[in-house]
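Hi everyone, thanks for coming along. Let me put the model up on the screen so that we can walk through it together.

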Amino acid sequence: KGSGLGLSFAKEMVKRTGRPIGLIASAHGGTSMDQWDPGKKDQDGASLYGSMCKQVDAAGGKVCGVLWYQGESDANVDASPVFQGKLEALIAAMRKEFGNPDLPFFHVQIGRVVLPWDEPSWNRVQTSQLATEGTVKNSAIVAAIDLSIDDAIHISTPGLKVLGHRLANLAEAHYFEGETLSGPRLESAKRYGNLLKLTFSGVNGSLLSQGRPSGFSISAGPDGEDVLCIFKIEFKEDKPNELSLFLNGRVPENPHLWYGRGVDPYCTIVDEANMALPVFGPLAIK
């Protein structure tokens, strides 16, 4: 319906590498993991997986990577608990199908929604997508939680251009530098009284924020309600991969840290390569 991130990704790759980029567009909006089930390949073009395989075959049968943006339709109480397993099975099926056990799989962590939704299921899909970076080699996500939307759920055209740029960062690093440019990932969270020090890996340059740094929350237990106890977030000039969260005296028992909790959080943390911090949590604070 008008815009996508594939074209901005391809333009960015051409600008950086001078090489032509071929896109095999197999996307279909509003679909669930069950609809992409590789077991339905025998339905040929009547299934999404089968249709994708036909399009790849028509283009010569070879691909050098997959760009994937899906998950909202699985953010419900039935599908979200098994989402990660189905995503991993889909990646394995594609790699076998296309004859490359190391086929890169770069995908977008779902962003925001301004509709009544089951919040735990939405966050469960987001954290499942992030978890695949650790369970599936040659896979990585880019975050969309900081981007504007044009309606209640769809990323705006300028936002999709940002996502294309972020995916190009992953692809350029993987194909031409032999590494993955992940962007900031939480490495540790240590509490010293009313100070919570966060250390991140994968930071390109320094951590940044447009406007007041926002997006973190602390809950009472992993499933408890958020407690208003963070009054300031501060960057460390001498340690560009660290953040300090200043807390008041209302820190709950068994505190857990979140970033981007809920369905419509306000998140602002990026690095100098404009790679955004993805949604994560709950993380027990030691």
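I'll talk about a sheet first, then a helix, and then some aromatic rings.

A word on the source: this is a predicted model, where local features need pLDDT of at least 70 and side-chain atom pairs count only at pLDDT 80 or more, while totals for chains, interfaces and linings use all residues. Residues are numbered from 1 along each chain as its sequence is written, and side-chain values use heavy atoms, with hydrogens and water left out.

So, the sheet. Four strands make an open, antiparallel sheet in the order β4-β5-β10-β9. Strands here are DSSP runs of E with at least two residues, helices are runs of H or I with at least four, and both are numbered from the N terminus. Two strands pair if DSSP finds at least two bridges between them. At the edges stand β4 (185–192) and β9, each with a single partner strand, so one side of each has no neighbour in the sheet.

Which strands pair with β10? On one side there is β5 (residues 195–201), antiparallel over five bridges, with Leu-195 bridging to Phe-246. Strand β9 (residues 230–235) also pairs with β10 over five bridges, antiparallel again, and Phe-235 stands opposite Leu-243. A hairpin of six residues joins β9 to β10. Five of the six residues of β10 (residues 242–247) are buried, so the strand is largely enclosed by the rest of the structure. Buried means under 20% relative accessible area, exposed over 50%, and partly exposed in between, with a 1.4 Å probe and protein chains only.

Now the helix, α2 (residues 48–58). Its buried residues include Met-52, Cys-53 and Val-56. Just after α2, Gly-60 takes a positive phi of about 115 degrees.

Finally, the rings. The structure holds seven aromatic pairs. Rings of Phe, Tyr and Trp (its six-membered ring) pair if their centres lie within 6.5 Å; planes under 30 degrees apart are stacked, over 60 edge-to-face, and the rest tilted. Trp-68 and Phe-105 have ring centres 6.1 Å apart and planes at 40 degrees, so this pair is tilted. Trp-68 is in β1 (residues 66–68) and Phe-105 in β2 (residues 105–109), so the pair ties together parts 37 residues apart in sequence. Both residues are buried. Tyr-259 and Phe-280 form a stacked pair, 6.1 Å centre to centre with 20 degrees between the planes. Tyr-259 is buried, at 0% relative accessible area, and Phe-280 is buried at 8%.
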